[in-house]
Amino acid sequence: MSRRLAAAVHVQHPSTREWIVLEPGDEPDDELAAEITNPDAWADDRPSADLEKPELEKDEPKPFGFTAPSEPEPEPEPEAEPTPPAPRRRRKAADTGA
């Protein structure tokens, strides 16, 4: 069963260990297809696929990399206030060599 790619992928050939770049629209053989584990790399020919994935607004950038919902970032800890330097002591004339 041949499936069509929806995105470009870099995959290492299982027997030759050579890196191969597959372009969108390519239909890799079963040996290479088994190496592609990202489900978003595959074109979904089912008509119900548009209902499952939410559409992005036109101004919104497309997600890249990990697209799983993430937890909100914790608020950064406030920076510690700088401590004033220790007071300088006045040197005695004998210490300065004069």
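This is a predicted model: local features need pLDDT of at least 70, side-chain atom pairs count only at pLDDT 80 or more; totals for chains, interfaces and linings use all residues.

Trainee: Okay, what is the phi of arginine 17 near?

Mentor: Phi of arginine 17 is near 60°, which is a positive value in a residue other than glycine. Most residues other than glycine have a negative phi.

Trainee: And is arginine 17 buried, partly exposed or exposed?

Mentor: Arginine 17 has a relative accessible area of 48%, so it is partly exposed.

Trainee: Which other residues sit in that loop?

Mentor: Histidine 13 is one of those found in the loop between strand 1, residues 9-12, and strand 2, residues 19-22, and proline 14 is found in the loop between these strands as well. Histidine 13 has 14% relative accessibility and therefore counts as buried, while proline 14, at 25%, counts as partly exposed.

Trainee: What lies 3.4 Å from a polar atom of the histidine 13 side chain?

Mentor: That is the backbone nitrogen of threonine 16, which lies 3.4 Å from a polar atom of the side chain of histidine 13.

Trainee: Can we step back for a second? How many helices and strands does the chain have?

Mentor: The secondary structure comes to three helices and two strands, and from the N terminus on the elements run β-β-α-α-α. Of the 98 residues of the chain, 11% count as buried.

Trainee: Which residue of strand 1 could we look at?

Mentor: Valine 9 is found in strand 1, and it counts as buried because its relative accessibility is 13%, under the 20% cut-off. The C-alpha atoms of valine 9 and leucine 22 are separated by 5.3 Å, although the two residues are 13 residues apart along the chain.

Trainee: New topic, then: how many salt bridges are there?

Mentor: The count comes to one salt bridge, in which the side chains of arginine 4 and glutamate 27 meet at 2.7 Å, N to O. This pair links distant parts of the chain, with arginine 4 in the segment before strand 1 and glutamate 27 in the loop between strand 2 and helix 1, 23 residues apart.

Trainee: Are those two partners buried or exposed, or something in between?

Mentor: Arginine 4 is partly exposed, with a relative accessible area of 40%, and glutamate 27 is partly exposed too, with a relative accessible area of 43%.

Trainee: How far is glutamate 35 from proline 14 in space?

Mentor: Proline 14 and glutamate 35 are 7.6 Å apart, C-alpha to C-alpha, and 21 residues apart in sequence.

Conventions. Residues are numbered from 1 along each chain as its sequence is written. Side-chain values use heavy atoms; hydrogens and water are left out. Helices (H or I, at least four residues) and strands (E, at least two) are DSSP runs, numbered from the N terminus. Buried means under 20% relative accessible area, exposed over 50%, partly exposed in between (1.4 Å probe, protein chains only). A polar contact is a pair of N or O atoms within 3.5 Å; within protein, one must be able to donate a hydrogen and the other to accept it, and residues adjacent in sequence count only if both atoms are side-chain atoms. A salt bridge is a side-chain nitrogen of Lys or Arg within 4 Å of a carboxyl oxygen of Asp or Glu.
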